[in-house]
Every structure is written in structure tokens, then in C-alpha cells.
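Here is a short briefing on a protein and its ligand. Look over the sequence and the model before reading the points below.

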Amino acid sequence: MDKNFHDEQCRGTVTFTPPLYKQRYQFIKDLVGKYKPKKVADLGCADCTLLWMLKFCHCIEVLAGLDICERVMRENMYRLSPLPGDYLQPTERSLTITLHHGSVAHKDPCMLGFDLVTCIELIEHLEESELKKFPEVVFGFMAPSIVVISTPNSGFNPLLPGVTLFRDPDHKFEWNRVQFQSWALETASRYDYSVEFTGLGHPPTGMENVGFCTQIGVFVRKYPQTSGSAHPEKPTEAVYKTVFKAVYPSLKDEKYLQNAVVSEVFFTAQIIKQSLLDHLISECEEYNDDPTERKSKFQLSMKFLSEDLRKLVVEKNMEPFVNKNVLYIPLKTIFSFPKVNKLCGTFDRFCKLIAGKVTLSSDGSAVIFNNENENEDN
Ligand code: SAM
């Protein structure tokens with residue numbers, strides 16, 4: 001018997017471990033890991049669980065969901081919103097998630113430009129007239145690089161206790177493997193795609209001829225990507241209603257990049273300051289001196305910095321110093337810290353990003369921090 005199949009006859013149920021719906025989502029996640037699509041649309045997204053899982057795939061920058069049932073999307077859509085942590089530590093990746101209310105039987109320009117389109121347990125819910133229009137909408141109009149369609153294999157149904165006609169009362173049909181594969185092959189050939197068949201949920205040993213419980217077709221477009229302008233005939237009229245849109249904070253957005261750089265400047269300054277003060281205090285202890293005296297008397301130099309920090313500061317004019325309780329840290333010193341350097345790329349950009357956000361010395365070459373309050377505490 002297959003390892004993910006348990007025929008629990010004593011309880012009259014057949015279950016798969018993990019449950020088949022989770023295996024279907026994992027199948028899509030694996031596919032995303034393999035093809036690294038940037039833009040993914042889930043048709044018949046229902047409660048948005050697959051979209052929620054996909055938002056953690058770092059290659060994805062655009063996620064869209066479509067469903068004919070607005071309520072089911074609305075009930076769960078807030079889990080697609082950014083979390084506080086997304087704002088606290090924005091990443092390089094941009095991510096936009098939108099949900100649309102509409103039917104896969106209709107074309108809408110918001111569904112153009114996707115790399116991967118998933119239709120998980122959707123087609124068996126379509127009325128005959130919708131199923132007829134579905135291939136033209138998905139393969140003809142949307143024309144993504146990859147389409148994944150999963151649907152129940154009716155040949156497996158006799159192994160599922162309690163299933164009489166269909167697995168779900170909302171199913172309009174259920175196909176066996178021959179029916180699904182002939183529809184898929186015909187669709188693939190009409191729209192210039194190749195298709196490979198696979199599935200999830202193995203039958204028990206000795207019953208392999210029934211095939212997988214869930215049958216899957218993975219369609220790959222044969223012709224190369226075309227720009228939107230190559231399809232001037234594609235309609236521009238929007239028919240779907242957008243019910244949700246979340247734009248995740250990203251360092252690609254100047255506002256978040258600026259915040260991140262400024263925080264990093266303060267953080268870096270804090271490290272430098274602490275390192276200088278630690279050294280002073282240890283020196284004072286060594287010489288039985290008074291630390292506060294030393295702090296104001298000493299011109300602090302890079303020789304007080306830890307070995308690691310010193311290595312980072314490569315130019316002579318990058319040495320931080322204290323003058324009358326004011327700590328001066330040259331911009332070049334801060335820019336030489338790897339994180340700041342990576343965030344900004346160039347020194348010019350760094351200067352532009354912090355302009356007006358930190359206090360600079362009169363010649364504009366150093367960030368200044370007033371130590372007065374701290375001295376009072378000591
Ligand atoms: N894909 C999800 C999953 O695997 O968990 C949900 C599948 S659910 C069984 C089928 C979904 O298709 C339902 O949410 C239903 O509202 C939606 N649906 C049915 N007809 C549709 C249509 N014409 N256009 C878009 N969505 C449709």
C-alpha cells in the first residue's frame with residue numbers, strides 16, 4: 001500500500017497523509033521552486049490558502065486570485081495583508097497581492113502577463129457553457145508560460161467510501177483519466193502548449209490501474225513570451241471587480257529604503273559610539289582614571305575601535321572623533337559598513353537618502369550626535 005494512503009476500513013474512511021488538499025498546494029509550491037515564476041494567478045482561489053502559502057515564495061512579485069464567490073474571498077483575504085514585521089524589516093522583493101471577483105469564463109486585462117496560472121479543483125465546478133469558454137480565456141487570452149489544472153479522477157471514486165455520483169455536490173462533472181487527458185491534449189494542441197500528466201494520492205497496491213485520486217495536467221507554452229503590444233486585439237475593458245489589494249513594503253520603494261538607511265545610520269553610530277566608550281572605560285580602569293574626565297578630554301580615534309570595525313574603515317579621514325560632547329562620525333565611515341553599503345550602492349546615493357533625516361556637521365562630511373544627555377547620566 002502506498003505510504004500516503006490509509007484505507008481505514010474499520011472507520012469507513014479513506015484518508016491520505018498529508019491530506020490531498022495540502023499535497024496539491026505543496027505540488028504548486030514545488031513547481032514554483034522549480035520554475036521561479038514572478039507572477040502567479042490562482043483561478044478559483046476560494047479562501048486564498050494557496051495564495052497565502054505562495055506569498056512566502058521569494059521569487060514571486062505579483063500574486064492574483066480570482067473567484068466567482070466574493071464572500072469566500074472576503075472572509076479570508078486579510079491574511080494576505082502585510083504583517084508588522086514586513087514594515088519593520090522590508091525586503092528587497094516587491095510583492096503585490098490582488099483579489100478579483102469574476103468568472104474564468106470572462107476575459108479581463110488584469111489577468112494578462114502572468115507566468116504561472118493555477119486552477120486547483122476548479123474545472124469540475126464549471127457549468128458546461130463556462131467550461132467551453134475556459135480554454136480560450138486561460139490559454140488563448142491569458143497565455144501564461146505554465147498552466148496547472150487539477151481535477152478529481154472519477155476512476156478513483158469507487159475507492160472512496162460514501163461517494164455515490166460525485167465527490168462534492170457542487171461538481172458539475174467528474175472525469176476519468178481518459179476524459180481528462182483527451183480534453184487536455186486537445187486544448188494543449190489548439191493553443192500551442194505541451195502537457196504532461198501526473199497526480200496525487202496513489203491507489204492501493206493491486207489497484208494501480210485506477211490512477212491517482214487527483215489528476216493533474218501541467219501545460220507549458222511552446223511559443224516564446226510576447227509583449228502585450230504583440231496582441232493588440234486583446235480587449236482592455238475590465239469586467240472583474242477588485243476586492244482586495246495589498247502592496248508590501250519593499251526596499252525598492254524610496255520611502256522604505258530611506259527609513260532602512262536612516263535606521264542603519266543610527267545603529268552603526270551606536271556601535272561605533274559604544275565601542276569608543278567601552279575602550280575609554282577600560283583604559284580608565286587600567287589607569288585608575290576618571291571616565292567622564294577622559295571622555296571630554298580625549299579626541300577619540302579609530303585606534304579605540306574593535307579590530308573588526310577598524311578593518312572596515314579604510315581611509316585616514318574616516319576616523320570618528322568627539323569634540324565638546326559631540327560625536328562626529330564621517331559619512332564615509334558609516335558608508336563603509338557592509339549593510340549601509342549594500343542598501344545604498346553608491347556614496348552619492350547614501351548622501352541623498354539621509355539628507356534632511358540626520359544632523360550633519362557644518363561641512364556636511366560627518367553625522368553628528370550630541371552626547372550631552374548621556375554624560376549627565378554618567
Ligand atoms: N482552488 C481552491 C483549492 O484548491 O483549495 C478552491 C477550490 S473550490 C473546490 C472551487 C472554487 O472555484 C470555488 O471557490 C468556487 O467559487 C470557484 N469557482 C467556481 N466557478 C467559478 C468560475 N466560473 N470562475 C471563478 N471561480 C469559480
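**Ligand and confidence briefing**

The side chain of Tyr 25 has an N or O atom 2.5 Å from an oxygen atom of the ligand. The model is predicted. In it, the ligand sits in the largest pocket.

- Gly 44 takes part through its backbone, where an N or O atom lies 2.8 Å from a nitrogen atom of the ligand.
- Glu 130 takes part through its side chain, with a polar atom 3.2 Å from a nitrogen atom of the ligand.
- The ligand taken alone exposes 600 Å², and the protein buries 84% of that area.

**The shell around the ligand**
- The ligand is surrounded by 15 residues.
- Tyr 25, Gly 44, Asp 67, Val 104 and Ile 120 are the closest of them.
- Sorted by class, the shell holds 8 nonpolar residues, 4 polar ones and 3 charged ones.

**Confidence in the model**
- The average pLDDT of the protein is 87.
- A pLDDT of at least 70 is reached by 83% of the residues.
- Residues 1-12 stay under 50 in pLDDT. The model gives this stretch 27 contacts beyond four places in sequence.
- Residues 312-316 also have a pLDDT below 50. This stretch has 8 contacts in the model beyond near neighbours in sequence.

Methods:
Residues numbered from 1 in each chain as written. Predicted model: local features only at pLDDT ≥ 70, side-chain atom pairs only at ≥ 80, totals over all residues. Heavy atoms only, no water. Near = heavy atom within 4 Å. Polar contact = N/O pair within 3.5 Å; in protein donor to acceptor, adjacent residues only side chain to side chain. Areas by Shrake-Rupley, 256 points an atom, 1.4 Å probe, with all protein chains shown as cover. 1 Å grid on protein atoms, 1.4 Å probe; cavity = no way out; pocket = protein on both sides within 12 Å on 5 of 7 lines; lining within 4 Å. Sits in = over half its atoms within 2 Å of the grid points. Nonpolar A, V, L, I, M, F, W, Y, C, P; charged D, E, K, R; others polar. pLDDT = per-residue confidence, 0-100. Contact = heavy atoms within 4.5 Å.
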